[in-house]
Amino acid sequence: MKLTHVDEKGVKMVEIGHKEVVFRKAVAKGKIKLKPETIILIQEGKTKKGNVIASAQIAGILAVKRTWEIIPLCHPIPLTGVDISFEFGEDYIGATCEVRAYYKTGVEMEALTGVSVALLTIWDMVKAVEKDEKGQYPATMIYDVRVVEKVKEK
């Protein structure tokens, strides 16, 4: 297997000019583990910083749109759509980010960035109630971030 972002000259942005524009889709998922009482606060809309889920959706979408500025070797991609959704468990929130585009390269990094920033935003908005008496986060954790689907239609 050959790495595409490095060669004998060093690091490079991969040339995609010769590639065909096709439909691309990527879906990424991840979870944040929270205290059960924090989950209830979010569901009941009782967090001090505001609507956690709406804020996480907006943050995730903005992150998707700026992935090429965050990850140095990513191409700016003309996106056609981004959806971020959530599911609640007893002690976690699961996030899903779906990204779509007609372009010459895939959108996996965009989907991973979107789901990661959405989860980070949740953490930021509830950190006051997740901290222990020493200001630490013994139970809070972001985990299982991965691409679950990649589509390339010809």
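A: Fine. This is a predicted model. By class, five nonpolar, one polar and five charged residues make up the lining of the second largest pocket.

Q: Which residues line the second largest pocket?
A: The lining consists of Leu-41, Lys-46, Thr-47, Lys-48, Lys-49, Asp-124, Met-125, Val-126, Lys-127, Ala-128 and Val-129.

Q: And where does the largest share of that lining come from?
A: From H4, which supplies six residues.

Q: How much space lies in the second largest pocket?
A: About 150 Å³.

Q: Switching to the fold. How many helices and strands are in the chain?
A: The chain has four helices and six strands. Along the sequence, the pattern is β-β-β-α-α-α-β-β-α-β.

Q: What box do the C-alpha atoms fill?
A: Roughly 55 × 30 × 25 Å, taken along the principal axes.

Q: Back to H4. At what angle do H1 and H4 cross?
A: The axes of H1, residues 36–43, and H4, residues 108–130, cross at roughly 125° and come within 10 Å. That angle makes H1 oblique to H4.

Q: Is the crossing of H1 and H4 left-handed or right-handed?
A: Right-handed. On the H1 side, the contact is made by Thr-38, Leu-41 and Ile-42, and on the H4 side by Ile-122, Val-126, Val-129 and Glu-130.

Q: What classes do the residues of that contact divide into?
A: Five are nonpolar, one is polar and one is charged in the contact of H1 with H4.

Q: What about H2 and H4, how far apart are their axes?
A: The axes are 7 Å apart, and H2, residues 52–65, packs against H4 at an angle of about 145°. The crossing of H2 and H4 is right-handed.

Q: Which residues make that contact?
A: H2 contributes Val-52, Ser-55, Ala-56, Ala-59, Gly-60, Ala-63 and Val-64. From H4 come Glu-110, Thr-113, Gly-114, Val-117, Ala-118, Thr-121, Ile-122, Met-125 and Val-126.

Q: And by class?
A: The contact of H2 with H4 has ten nonpolar, five polar and one charged residues.

Technical notes
Residues numbered from 1 in each chain as written. Predicted model: local features only at pLDDT ≥ 70, side-chain atom pairs only at ≥ 80, totals over all residues. Heavy atoms only, no water. Axes fitted to C-alpha atoms, helices over the stretch in contact; angles between N-to-C directions. Helix = DSSP H or I, 4+ residues; strand = E, 2+ residues; numbered from the N terminus. Parallel < 35°, antiparallel > 145°, perpendicular 65-115°, else oblique. Left-handed = near helix turned anticlockwise from the far one by under 90°. Contact = heavy atoms within 4.5 Å. Nonpolar A, V, L, I, M, F, W, Y, C, P; charged D, E, K, R; others polar. 1 Å grid on protein atoms, 1.4 Å probe; cavity = no way out; pocket = protein on both sides within 12 Å on 5 of 7 lines; lining within 4 Å. Points joined across faces, edges and corners; volume = space filled by probe spheres on them.
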